[in-house]
Amino acid sequence: MAVCVAVIGKDNSPLYIGGIGNDTSTDNELSRQWLVHTALDALEERLATTNANNASASANAARTDLRDLYLGLLYSTDTHKIYGYVTNTKIKLVLVTSSTSPSGSNIRDAEVRTALRRLHALYADAICNPFHLPGDQIISQKFDKQVKSLMLNNV
Amino acid sequence: MADDIVFELLHSEIINYALEPSKNSNSSKEVDLSVVEYIGFAAGYKIMERLTREWPRFKDELDTMKFICTDFWTCIYKKQIDNLRTNHQGVYVLQDNAFRFLTNFSNGHQYLEYAPRYVAYTCGLIRGGLANLCINSIVTAEVQSMPSCKFHIHVQRT
């Protein structure tokens, strides 16, 4: 069960942070932000190694994998696991699962991948809204609703 | 195809509309196309998020330019760029031998003085697309003989 998802812009400013759940420790905005931002360094690191590997012409099997938009598990704490996804347009999507809840502790990688892909699709739709300016926070209630239902159903 | 012609007609109407203020002023040579360029920029910026959704991460700048020449161009103009040249120092020249907005006008030099109006939108489109992929650039176009058109992309390095 995902407890929080976030959309981070090109300059690491949060565009959208949404969370659900009865987990009281994550039920406030501040701890959500903290959780999401702990993962950003790991995310940058992962991207840097991707570029380095591509620059050196070492053709290995991992290379195709590294070009994937989904970056996998970034960071895990005692209570949470943080997964990352970076689009070609340098938008970072972060998903946090709670390892204390029974559904979150044995979550599969493929499930997280599909959830983040669907989040990307929702984001692309939200961006195409003419009332949304690039770089602004996403305040669309429709997007919020869709993301919340994604968190409840998919993962 | 009906949907193609809708886009073409809307585009030419946008050009006409944008030219309205400069018609009144007597300097007929100078027209302000920055609005059209901006419309292209916004459209290019937004469309890029969709187009690159199923695409693996770009290796480098050249890889990105190839994407512009193939998929991006096919999506908008139903054909690929005919020729891509670069000096490997941030200048790229994209040549389209049958640019869609110009194909209906003439096969030579007639109406050549009006051609720049019909490439401004596309310049913005390329610039916006690249801006969303974190490549800041200046895009200019050059029409020597219709319907072929060259787009020059100067990547701004900071």
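Predicted model: local features only at pLDDT ≥ 70, side-chain atom pairs only at ≥ 80, totals over all residues.
**Notebook: strands of chain B, then the A–B contact**

I started in chain B, where a hairpin of six residues joins strand 3 to strand 4.

**Entry 1: strand 4 and its partners**

I looked up how strands 3 and 4 of chain B sit together. Strand 3 covers residues 137-142, and it runs antiparallel to strand 4, with six bridges joining the two.

Next I wanted to know which other strand pairs with strand 4 of chain B. I found strand 2, residues 91-96, pairing with strand 4 in the antiparallel sense over six bridges. Here I noted B:Tyr92, whose bridge partner in strand 4 is B:Ile153.

Is strand 4 of chain B mostly covered or mostly open? I got mostly covered: the strand spans residues 149-155, and five of its seven residues are buried. I also jotted down a rule from class: side chains in a regular strand alternate between the two faces of the sheet.

**Entry 2: where chain B meets chain A**

Then I moved to the contact between the chains. I counted 18 residues from chain B and 29 residues from chain A in it. Together the two chains bury about 2000 Å², with 49% of that on carbon and sulfur atoms.

Looking at which elements of chain B give two or more residues to its side of the contact, I wrote down helix 2 (34-51) and helix 4 (120-132). Helix 2 gives the most, with five residues. Sorted by class, chain B's side has eight nonpolar, two polar and eight charged residues.

How many salt bridges are there between chain B and chain A? I noted two. I zoomed in on B:Glu54 and A:Arg117, which form a salt bridge with their closest N and O atoms 2.7 Å apart.

**Entry 3: a quick stop at A:Thr38**

Last, I picked a residue in chain A. A:Thr38 lies in helix 1 of that chain, residues 29-55. Leaving out residues up to four places away in sequence, I found A:Thr38 touching A:Tyr75 and A:Ile82. I also looked at A:Ile8, 30 residues from A:Thr38 along the chain; their C-alpha atoms are separated by 13 Å.

How values were computed: Residues numbered from 1 in each chain as written. Chains lettered and ligands numbered in written order. Heavy atoms only, no water. Contact = heavy atoms within 4.5 Å. Buried area = accessible area lost by both parts, 1.4 Å probe. Salt bridge = Lys/Arg side-chain N within 4 Å of Asp/Glu carboxyl O. Helix = DSSP H or I, 4+ residues; strand = E, 2+ residues; numbered from the N terminus. Nonpolar A, V, L, I, M, F, W, Y, C, P; charged D, E, K, R; others polar. Buried < 20%, exposed > 50% of the residue type's maximum accessible area, 1.4 Å probe, protein only. Pairing = 2+ DSSP bridges.
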